[in-house]
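Please look over the model below.

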Protein chains: 2
Amino acid sequence: MSATGKPLTKRGEATRRKLLEAAEEVFADLGYHEASIVKITERAGIGLGTFYLYFDSKQQIFEELVVDLNRRVRHSMAEAMAGSANRIDAERAGFEGFFRFTAAHPALYRVVREAEFVSPEMLRLHYTRIVEGYEAGLRAAQSDGDVDAALDPEVTAWALMGAGELIGMRYLLWERDGEGRPPAEIGDDVIDSMMRFIRNALTATNGKGRTHD
Amino acid sequence: MSATGKPLTKRGEATRRKLLEAAEEVFADLGYHEASIVKITERAGIGLGTFYLYFDSKQQIFEELVVDLNRRVRHSMAEAMAGSANRIDAERAGFEGFFRFTAAHPALYRVVREAEFVSPEMLRLHYTRIVEGYEAGLRAAQSDGDVDAALDPEVTAWALMGAGELIGMRYLLWERDGEGRPPAEIGDDVIDSMMRFIRNALTATNGKGRTHD
């Protein structure tokens, strides 16, 4: 949709996409306060007047960018998970999809962190939409007997999302190769270690160490 | 230490503490960009000139605030964990200490998120210091046979810290009571659900669902 609410033509869609991609780079490089509509249109190679056919303000393109990144990271996860044989395979594939998207879009973390200040509702929307899908998947796997039925699927979804977020930060965004560039993907050893943790977490223990049920 | 590197008197310590407490409130309420040294000294009821006996700049008091909040949240966790009978009890107590501190200091999350932009080294310092202690505790528990020896303690520490961070955000910072105020503590049902997840995660499964070892 355009800023005036009219549906976009194919060419309009392409222009809107260019503006969102430029905004992703500008917000990630400069942060919200230093970013400006002029810097975004210059980066996109699009006239300043054209910006206002698609967005009302810097705040609005920021919010649309959160919605867009959120939709795309969920798509990347869902695509990776499709056809998994069981929940544990689906978990691994989903996190690989998440890390792949994060490597290609390091702006994701910065934009979501800034949303805390720029637009708290967008921060909530981002996390809540990811959790909703995650929770539904866990509930289905509990029905199938693949996941410990005693786990609360909502709390578990938040826990796993948090685990993935900090592992992505530490082992992807903080890593640099010999030339000072971030790696294109997270190491297999890290994914293996994470999956040992997740496999344990989602599977009922054999009673060892359970003193508080 | 004062801004000139001299050790502080007891009275000096109290003044520095007042400035840090005012900074915590001002940065949390206004964010880094809108905050100013004048607003911090006004909130603290301390003269502007006195500020510079303790800190050089807005950036410096922000960084000292991260160090201070980090030290205190770790203290709150360590104090809660002291005397725990086993690792699972220690985990629960540690998270309760973390959530208690977060309820009393909601600035913790906002300040750490802003550090991404204001001072990335401080963001790393915050997470890394928490992980280091966590990892050491997990290694000791693995030696004692309390925690699955096949888990990587570093990756596990990041995963658990991430789980705690997002559960604290969702079930503490986002919650409001009937009068619109955040709760003083996280619900026992949420802690119970989280502990089911953590107990599973740290305890080797009985083989069920492990298709990829």
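Is the crossing of α5(B) and α8(B) left-handed or right-handed? It is right-handed. The model behind this answer, and behind everything that follows, is predicted.

## Helices α5 and α8 of chain B

Helix α5 of chain B covers residues 87-104, and helix α8 of chain B covers residues 153-173. Their axes come within 10 Å and cross at roughly 45 degrees.

On the α5(B) side, the contact is made by B:E91, B:F95, B:F98, B:F99, B:T102 and B:A103. On the α8(B) side, the residues are B:L160, B:G164, B:E165, B:I167, B:G168, B:L172 and B:L173. Sorted by class, this contact of α5(B) with α8(B) has eight nonpolar, three polar and two charged residues.

## Helices α5 and α7 of chain A

In chain A, take helix α5 (residues 87-104) and helix α7 (residues 120-143). They pack at an angle of about 165 degrees, and their axes lie 11 Å apart. The angle is over 145 degrees, so α5(A) is roughly antiparallel to α7(A). The crossing of these two helices, α5(A) and α7(A), is left-handed.

Which residues meet here? From α5(A) come A:R87, A:E91 and A:F95. From α7(A) come A:Y134, A:G137, A:L138 and A:A141. By class, the contact of α5(A) with α7(A) has four nonpolar, one polar and two charged residues.

## Chain A overall

Chain A has nine helices and zero strands. Along the principal axes, the C-alpha atoms of chain A fill a box of roughly 65 × 45 × 30 Å.

## Where the chains meet

Between them, the two chains bury about 5300 Å². Of that area, 61% is on carbon and sulfur atoms. Three residues stand out on the chain B side: B:W174, B:R196 and B:F197. They supply 14% of the area that chain B buries against chain A, more than any other three residues.

Charged pairs also link the chains. The count between chain B and chain A is eight salt bridges. The side chains of B:R170 and A:E154 meet in a salt bridge, at 3.8 Å from N to O.

Definitions and conventions: Residues numbered from 1 in each chain as written. Chains lettered and ligands numbered in written order. Predicted model: local features only at pLDDT ≥ 70, side-chain atom pairs only at ≥ 80, totals over all residues. Heavy atoms only, no water. Axes fitted to C-alpha atoms, helices over the stretch in contact; angles between N-to-C directions. Helix = DSSP H or I, 4+ residues; strand = E, 2+ residues; numbered from the N terminus. Parallel < 35°, antiparallel > 145°, perpendicular 65-115°, else oblique. Left-handed = near helix turned anticlockwise from the far one by under 90°. Contact = heavy atoms within 4.5 Å. Nonpolar A, V, L, I, M, F, W, Y, C, P; charged D, E, K, R; others polar. Buried area = accessible area lost by both parts, 1.4 Å probe. Salt bridge = Lys/Arg side-chain N within 4 Å of Asp/Glu carboxyl O.
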